[in-house]
Amino acid sequence: MHSPSPHSLVDLPIRRLDRGDLVPCADLCEDRGWPRDEHRWGLLLSAGTGYGIDAPDGKGLAATCLTMPYGSDLIAVGMLLVAERYGRRGLARRLMLHVMEAVGDTPLALYATGLGQPLYEDLGFSPVGRAERVGGRFGAGGSDGSPSRPNTTTRSSVTTRPAAADDLQALVRLDLPVFGADRTHLLARLPAFSDRLQVAEEDGELVGYAALWPSGQTEVVGPLIARDTVTAQALIAALAATTDRPLRADVDARHKDLLGWLLESGLKSSPGTTVMTYGIPDLPGDAARRFAPLTLATG
């Protein structure tokens, strides 16, 4: 059986994905060398809108794309994946054009890998920032191999604790001006999605929060919203103390002090992503308090 021609591939129908597609979505991640992350896909498909193209050979999905809506203010685009056997044959462009038509005039934002960035630029997206990926065992040692001693004295004045059920409203109030759009539909899912949800407070008022959730053999820190770097450090240290697994985070590159501290604490850099927007000149919200996204796919 010969493979479809490039022309016939881009004529394949696009359909909406649902939670019944969790395994094929995870299979596609594995095909591209990513963690399967059925847990993450469950969140994305319940809170967002997934689009897919079924593989013409009958083996799962040929391509996927995910949109995460934030009212009429912003839509995040992510999980644009094409099975390796169908790569470079127009499917990614086809899905992106379909998504851009489906969302109308709503502004778009995404995190682009080096591989995907030329396509997004060709479609009219503009680079507006960077996210640096770091990962490894927190406290395992600095870049010279010596034992790491993260600065704990600067964090002593910041109080953090596990989030409680009645924190949600305060958490949403804190998040809205920082993220720049209402993401209550995601934040309400965080307690069930996360292994740990931690908040920082001062005088009974929330000044930051962070979640820790599983991805393959690692734990991801995100979202990370904090009043300042010291608060962000306190939240990460508290989360790190709850797991023996390596950590991973995609930190806004503007937060150089936090990135430096994470590297001193034993994490290592790996290829980051370029933040890109379409229809708006930059991401909304307060970049000074926005340290890391929930996932790249949620913006």
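# Reading a predicted model

Q: Where does Leu97 lie?
A: Leu97 lies in helix 4, which covers residues 91-103. Helices (DSSP runs of H or I, at least four residues) and strands (runs of E, at least two) are numbered from the N terminus. This is a predicted model, in which local features need pLDDT of at least 70 and side-chain atom pairs count only at pLDDT 80 or more, while totals for chains, interfaces and linings use all residues. Residues are numbered from 1 along each chain as its sequence is written, and side-chain values use heavy atoms, with hydrogens and water left out.

Q: Is Leu97 buried, partly exposed or exposed?
A: Buried means under 20% relative accessible area, exposed means over 50%, and partly exposed is in between (1.4 Å probe, protein chains only). Leu97 counts as partly exposed because its relative accessibility is 44%.

Q: How far apart are Leu97 and Leu45 in sequence and in space?
A: In sequence they are 52 residues apart, and in space 20 Å, C-alpha to C-alpha.

Q: How far apart are Ala200 and Gly87?
A: Ala200 and Gly87 are 113 residues apart in sequence and 44 Å apart in space, C-alpha to C-alpha.

Q: Where is Ala200, and what does Ala200 touch?
A: Ala200 is in strand 8. Contact means heavy atoms within 4.5 Å. Not counting residues up to four places away in sequence, Ala200 touches Val158, Thr159, Thr160, Glu205, Leu206, Val207, Gly208, Thr231 and Leu235. Ala200 counts as buried because its relative accessibility is 0%.

Q: Which residues is Ser194 in contact with?
A: Leaving aside neighbours within four places in sequence, the contacts of Ser194 are Ala211, Leu212 and Trp213. Ser194 sits in the loop between helix 8 (190-193) and strand 8 (196-202). With a relative accessible area of 9%, Ser194 is buried.

Q: What does Leu294 touch?
A: Leu294 is found in the segment after strand 13 (290-292). Not counting residues up to four places away in sequence, Leu294 touches Leu43, Leu186, Leu190, Phe193, Trp213, Val220, Gly222, Pro223 and Gly299. A relative accessible area of 3% is why Leu294 is buried.

Q: What is the peptide bond from Gly222 to Pro223?
A: That bond is cis, with omega near -5 degrees. Pro223 lies in strand 10 (residues 218-226).

Q: What is phi of Asp37?
A: Phi of Asp37 is near 55 degrees, which is a positive value in a residue other than glycine. Asp37 is in the loop between helix 2 (22-31) and helix 3 (38-47), and is buried, with a relative accessible area of 7%.

Q: What is phi of Met79?
A: Phi of Met79 is also a positive value in a residue other than glycine, near 55 degrees. Met79 lies in strand 4 and counts as buried, at 6% relative accessibility.

Q: How many residues does strand 4 give to the lining of the largest pocket?
A: A pocket is found on a 1 Å grid over the protein atoms alone: an open set of points where a 1.4 Å probe fits, with protein on both sides within 12 Å along at least five of seven lines, and lining residues have an atom within 4 Å of a point. Strand 4 (residues 74-82) gives 6 residues, the most to the lining of the largest pocket. The lining has 46 residues, with Trp34, Leu80, Thr113, Leu115 and Gly116 nearest the centre of the pocket.

Q: Which classes make up that lining?
A: Ala, Val, Leu, Ile, Met, Phe, Trp, Tyr, Cys and Pro count as nonpolar, Asp, Glu, Lys and Arg as charged, and the others, Gly among them, as polar. The lining of the largest pocket has 25 nonpolar, 11 polar and 10 charged residues.

Q: How are two packed helices described?
A: Two packed helices are described by the angle between their axes and the distance between the axes. Axes are lines fitted to C-alpha atoms, for helices over the stretch in contact, and angles run from 0 to 180 degrees between N-to-C directions. The axes of helix 9 (residues 229-240) and helix 10 (residues 256-264) come within 9 Å and cross at roughly 35 degrees. Helix 9 makes the contact with Thr229, Ala232, Gln233, Ile236 and Ala237, and helix 10 with Asp257, Leu258, Trp261 and Leu262. By class, the residues of this contact are 6 nonpolar, 2 polar and 1 charged.
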